[in-house]
Amino acid sequence: MRIDPTQLAQEAQWARQARQGDEQAFARLVEVFQVPVYNLCYRMLSEPGEAEDAAQEAFLKAYRGLHRYDPERRFGSWCLSVAAHECIDRLRRRRQPTLALDALDQEAGFPDASPGPESVAMRREQETRVAILLDRLSPLDRAIITLKYWYDMPLEEIADDLGLTTSAVKSRLHRSRRELAERYLESASPGPKRGELSDVPLPV
Amino acid sequence: MSHSQYDDWLFSDDLGSAQESGELRQHLAVCAQCRALQAAWSQVRRDLEESPLVAPRLGFRARWEARLALESRRRERRQSTALLAILGVFLAGAILACAWLFASTPLRLPDVGELLSRAVRGMANLSALFYVVRQILSSLVGPIAPAAIVGGGGVLTAAAAGLIGAWLLLLYQINGSQAQKGAQR
């Protein structure tokens, strides 16, 4: 996330005004943080419609819970924490994975950095691969991977946001990376299925 | 060295010393499974790192503001409904209590002497109250005419009745407008 001091000071001021009941100040914060918060929801939920709903709900919860916001903390980080918890709750309520690849292709607002048809196709393929890989991780692990790779958050901050210890985040991150690599191998070749690879005795 | 150590290094953010790095390289040269895992993780990490931030549809802020307004109206409606319910329960309780008292007291007509006696006692109490109020006000702002105290008491009573009436009217209007909006939706 950005670290421009002027922008940070402006956000802190809007957050203070919002805490005093200024609805317009909070609406400006929504404008500023809509992309990171929506992206987090989209990466965790893998469905644009539900991601929009979750992001809106997260901002509502943040607005209603402004009295719990610590002004010493970066507002964006706090908002992401609220959104992550909202998505974790939604994922836990789901009975099974609901990855909608069609919706993912049609509705997601990917930035159009390279408009060539081949690049677009490659980008789509890469995004689909990422979504499929993330879709099978547990809600908490998905939040950790998202906060780590899209927001480059330090492990301590992720731990604070998710109410975990730093060592728990580190351990979960390690396990998730291994799981993602195994799933990638599974999808790339018709070889061993999930779980089989880790069961094979490794040479010492 | 145990295999799990290499596994830790494969998925670690920092590999540590050059010696550890060399040991991992040597292990990867002879272990096909670890090599495959490392290649897979490199690809996944590249995918994750290259994946851009996804933006919502245009007008996200306006949609959020509309949702906030809707949510606020619903909350106000819930609050006024709860207030009315509490008021209703209180009134019903008062009516039931009065009914119980009435039913448990044997019905008898008071005689005229008793009524007159009560009226005189009430007047005496009012007179004592008036005296106390007048003493307090006089000690605060100096001598006050009795008519001013009676007039002031009347104005205060009327104002209190007006405020209670306005509050009930406001609750009624909020409920009415919310019901109308709900019906329109």
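How many helices and strands are there in chain B?

1. Chain B holds six helices and zero strands, arranged along the sequence as α-α-α-α-α-α. Helices (H or I, at least four residues) and strands (E, at least two) are DSSP runs, numbered from the N terminus.

2. The model is predicted: local features need pLDDT of at least 70, side-chain atom pairs count only at pLDDT 80 or more, and totals for chains, interfaces and linings use all residues. Residues are numbered from 1 along each chain as its sequence is written, while chains are lettered from A and ligands numbered from 1 in the order in which they are written.

3. Of the 185 residues in chain B, 8% are buried (20 or more other C-beta atoms within 10 Å of the residue's own; exposed means 12 or fewer, partly exposed in between, with C-beta atoms placed from the backbone). Of the chain B contacts (C-beta atoms, placed from the backbone, within 7 Å) between residues at least 6 apart in sequence, 46% link residues at least 24 apart.

4. At the interface, 37 residues of chain A contact 29 residues of chain B. On the chain A side, α2 (23-45), α3 (48-64), α6 (117-135), α7 (139-151) and α9 (166-188) each supply at least two residues, and α2(A) gives the most, with nine.

5. A:Ser46, in the loop between α2 and α3 of chain A, has phi near 60° and is buried, with 25 other C-beta atoms within 10 Å. A:Asp152, in the loop between α7 and α8 (155-162) of chain A, has phi near 50° and is exposed, with 10 C-beta neighbours inside 10 Å.

Definitions and conventions. Contact = placed C-beta atoms within 7 Å.
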